[in-house]
Amino acid sequence: MPISSEDLQIAGKTSLDDFLRNQPVDQIAVDVPLFRKLMSKRKPFLGAKQNIVAQIRKSHDSNFAWAYGEEPVAFNKRNTIEQAAFPWRRAVDGFYIAHDTLFSNGIKVREGERGAYKLESSERVQLTNLLNEQMDAFRTGFTEKLSLELHRDGTSSEDAVTGLDALVSMTPETGVVGGIDRATATYWRNNAEKSIAATTAGALATAMEKQWRNCIRNGGSPDFILAGSDFIDAYRQYAVMVTNNADAGKVKTVDAGVGSGTSTGLYFKGVEIVWDPQFEQLDALESPEVSWEKRCYFINTKYIELHDDTIDIVSPTRPYNILALYQMVNLRLALVMKRANAHAVLSIA
């Protein structure tokens, strides 16, 4: 038996909904750790004309002084608040399945209203399998691409979201972020240190200690460390000292390949250094002056948030002259930074 075009559209939307909602994006595979971390603390975005605005404190304007007796007290008018505006962007993706492809898999589509036809059990299984394969590939591709774009600086397209490379920049003294010019607003600069001589004894650990203190001075300890392969290899080889004095008389084994997947098993200040496989993709895509694989980010997720309006699933009406099932998704989002100097980026030479 055939399936009506209306029933097919409903089946397609239901399948896509199952894949996107029953497998939440914050539970996705660990090969996109930045996106996974951001989604774990995502904030709902209810709508805005163009920007998501964050109120930030740029100074205290303290008028502190010592006084005695009838010494007059000086008063000042304080201007401590600035607004950072981050434009939201819309991520979209879509695909179609030609009716002839369905027919090749034993499913015939006929024009008709819902319930006009009823599939046999074998046909229903075949349709489900075909839709599941399409939906799984679609979900994975959308997530990986979105995660990749959240790393970048937002210049790949006029409609691209401003990502990590702009917010926590290798050149924090330049550029306009959230509408604030970093050339003049020193409070809006992240911490950065480039070309660390990792092979020099103590140099890497010292640089990391310095930048960690800079972050603590401006908002507390980072809670997420993200790094590329070259940085992690240098840290393991030149900055980590393994000691084990327990059960001194017993035979021991040491495994240099600690960790599992993107979890490296390497820590700094009690925070695990997470390997980001997408850094390699970014190097191939951008050929940046400072290689992503040589970078390490100290991020305080209290001050960087992903705002989104949740994925909207759309089943567009097919064109009059094309026989196919169409499916698409929309997601409006912005990456919002509330404090710049609470984060740091380092790179080895």
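Which elements each supply at least two residues of the lining of the largest pocket? They are strand E4 (81-87), helix H5 (164-167) and strand E7 (176-177). Helices (H or I, at least four residues) and strands (E, at least two) are DSSP runs, numbered from the N terminus.

Some ground rules. This is a predicted model: local features need pLDDT of at least 70, side-chain atom pairs count only at pLDDT 80 or more, and totals for chains, interfaces and linings use all residues. Residues are numbered from 1 along each chain as its sequence is written, and side-chain values use heavy atoms, with hydrogens and water left out.

Back to the pocket. Its volume is about 510 Å³. A pocket here is an open set of points on a 1 Å grid over the protein atoms alone, with protein on both sides within 12 Å along at least five of seven lines; lining residues have an atom within 4 Å of a point. Points are joined across faces, edges and corners, and a volume is the space filled by probe spheres set on the points. The largest pocket has 27 lining residues. Nearest its centre lie Asp 153, Thr 155, Asp 165, Ala 166 and Ser 169. By class, the lining has 10 nonpolar, nine polar and eight charged residues. Nonpolar means Ala, Val, Leu, Ile, Met, Phe, Trp, Tyr, Cys and Pro; charged means Asp, Glu, Lys and Arg; the others, Gly among them, are polar.

Keep Asp 165 in mind. Its side chain makes a polar contact of 3.0 Å with the side chain of Arg 295. That term means a pair of N or O atoms within 3.5 Å; within protein, one must be able to donate a hydrogen and the other to accept it, and residues adjacent in sequence count only if both atoms are side-chain atoms. The side chain of Arg 295 also joins that of Tyr 297, at 2.9 Å. Arg 295 lies in strand E13 (residues 295-299). Is Arg 295 buried or exposed? Buried, because its relative accessibility is 2%. The cut-offs: buried is under 20% relative accessible area, exposed is over 50%, partly exposed is in between, with a 1.4 Å probe and protein chains only. Beyond four places in sequence, Arg 295 touches residues including Met 170, Phe 231, Phe 279 and Val 345. Contact means heavy atoms within 4.5 Å.

Tyr 297 leads us to the core. The largest nonpolar core has 65 residues, and Trp 188 and Tyr 297 have the most contacts inside it. Helix H4 (residues 121-151) gives the largest share, nine residues. A core is a set of buried Ala, Val, Leu, Ile, Met, Phe, Trp, Tyr and Cys residues joined through side-chain atoms within 4.5 Å. Leaving aside neighbours within four places, Trp 188 contacts Ile 56, Ala 84, Phe 86 and Met 337, among others. There is also a second, separate core of 22 residues, including Leu 204, Ile 232, Leu 266 and Ala 344.

A cavity is a set of grid points where a 1.4 Å probe fits but cannot get out. How many cavities of 30 Å³ or more are there? Two.

Asp 308 is buried, because its relative accessible area is 3%. A polar atom of its side chain lies 2.8 Å from the backbone nitrogen of Thr 310. Among the contacts of Asp 308 beyond four places in sequence are Met 39, Arg 42, Phe 45 and Leu 333.

For contrast, Ala 74. This residue sits in the loop between strands E3 (51-57) and E4. Ala 74 is exposed, because its relative accessible area is 55%. Ala 74 and Asn 63 are 11 residues apart in sequence and 7.3 Å apart in space, C-alpha to C-alpha.

Last, the whole chain. It has eight helices and 17 strands. Of its 349 residues, 42% count as buried. Among contacts between residues at least 6 apart in sequence, 74% join residues at least 24 apart.
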